[in-house]
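Here's a quick briefing to read with the structure open beside you. Take it topic by topic and look up each residue as you go.

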Amino acid sequence: MAYVRLNLAVAFPDNLFIILTMERTFNITWIVLIGLTILTAVFANVEMKYIAIVILGLSVLKFIGVAFFFMELKKANVFWRVLLVGFLGLLLTVVWAI
Amino acid sequence: MANTIKIDYKNIFYPPGGILMWIVIYLELVTFGIALVFMAFSAKAEPEVFHESRLLLNTAYGAINTVFLLSSGWCMAQSVHFLKKGNFSKSKLFLNLTILGGFLFLALKGVEYYGKMEAGYTIGYNSFFSYYWMLTLFHVVHVVVGIVILFVSGNALRKNPETLKIEDYEASATFWHMCDLIWLLLFPIIYLLF
């Protein structure tokens, strides 16, 4: 009450939680994407039997990170999400299988 | 606050960035995807050529350029976010950083191209370098077009942010992110896989 009477109350916007969550989501996505890029560069110099699958798998994660979080595809209709993930899966499977 | 309307992104006709932009994105991805499949077929026919040629590429340049584009994409997402909040100064700041990321990508690509041309690894050197030049140059064209679109959006944001439609700004951002997506396919396959 004293806060209100002395006009010390701070008016938070209704969507403050959403705003903070979105900023945090972008930041976490960026950190994860940079981490995955460093991991990809490290794995590129490793001699391993299934290294192609690891490299392509990491690129799938980065692709999904950009599409779903930066482009906000996670908010879109399931049709667009399935179409993108389906295309990505098909392309990288074909490239790996060849 | 920017000129906004409540968009129902769950509606199949209104994905974030607009349905037309997403149709363009799928067409672009399919185009690059088909080229990459053909590249994989060629690599199967000439595995030694592709492996030795791939080793001539500078993986560090590719990784640094990935960091430039991902950071630029992060700035673009923040710019859209701050525009939606009505914070125009922060939106402009992040847009400028986005454009800077694009120029850094182009500068490093220029250094890489110069080195390859100096060494004689031009488009006709072998089939690997034919794919390398065609695919990466086609991507560079997209980045240049993306920067031009961002400059136009930035101009609208600077001159009259109140009338800027958030759907238009989102469409520009979506095109820019598409450049990230294409690069995220090109980098592992061209620089690391063969």
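This is a predicted model: local features need pLDDT of at least 70, side-chain atom pairs count only at pLDDT 80 or more; totals for chains, interfaces and linings use all residues.

Residues are numbered from 1 along each chain as its sequence is written, and chains are lettered from A and ligands numbered from 1 in the order in which they are written.

**The two chains**

- Chain B has six helices and zero strands, so to speak a plain α-α-α-α-α-α when you read along the sequence.
- Along its principal axes, the C-alpha trace of chain B spans about 60 × 35 × 20 Å.
- Of chain B's 194 residues, 42% count as buried (20 or more other C-beta atoms within 10 Å of a residue's own; 12 or fewer is exposed, in between is partly exposed, and C-beta atoms are placed from the backbone).
- Take the contacts in chain B with a separation of 6 or more: 80% of them are between residues 24 or more positions apart. (Two residues are in contact if their C-beta atoms, placed from the backbone, lie within 7 Å.)
- Chain A has four helices and zero strands, running α-α-α-α from the N terminus on.
- In chain A, buried residues make up 29% of the 98 residues.
- Among chain A contacts between residues at least 6 apart in sequence, 55% join residues at least 24 apart.

**Helix α4 of chain B and a buried serine**

- Helix α4(B), residues 88-119, has 32 residues that should span 46 Å at 1.5 Å a residue, and its end C-alpha atoms are 47 Å apart, which agrees. (The expected span is 1.5 Å times one less than the number of residues.)
- Its buried residues include Phe94(B), Thr98(B), Gly101(B), Gly102(B) and Lys116(B).
- The buried residues of α4(B) pack against α3, α5 (127-159) and α6 of chain B.
- Now find Ser72(B), which sits in helix α3 of chain B. Ser72(B) is buried because 28 other C-beta atoms lie within 10 Å.
- Leaving out residues up to four places away in sequence, Ser72(B) touches Thr98(B), Gly101(B) and Gly102(B).

**Helix α6 of chain B**

- The 28 residues of α6(B) should span 40 Å at 1.5 Å a residue; the end C-alpha atoms are 39 Å apart, which agrees.
- There's a kink of about 25 degrees at Leu186(B), shortly before the proline Pro188(B). (The bend is the angle between axes fitted to the seven residues ending at a residue and the seven starting there.)
- In α6(B), 25 of the 28 residues are buried, so the helix is largely enclosed by the rest of the structure.

- Helix α3(A), residues 51-70, has 20 residues and reaches 28 Å from its first C-alpha to its last, close to the 28 Å expected at 1.5 Å a residue.
- Among the buried residues of α3(A) are Ile55(A), Lys62(A), Phe63(A) and Phe70(A).
- Glu72(A) lies in the loop between α3 and α4 of chain A. Its phi is positive, about 60 degrees, although Glu72(A) is not a glycine.
- Most residues other than glycine have a negative phi.
- Glu72(A) is buried, with 23 other C-beta atoms within 10 Å.

**Where the chains meet**

- The contact takes 38 residues from chain B and 34 residues from chain A.
- On chain B's side, α3(B) gives the most, with 12 residues.
- That side of chain B divides into 23 nonpolar, 11 polar and four charged residues. (Ala, Val, Leu, Ile, Met, Phe, Trp, Tyr, Cys and Pro count as nonpolar, Asp, Glu, Lys and Arg as charged, and the others, Gly among them, as polar.)

Terms used
Helices (H or I, at least four residues) and strands (E, at least two) are DSSP runs, numbered from the N terminus.
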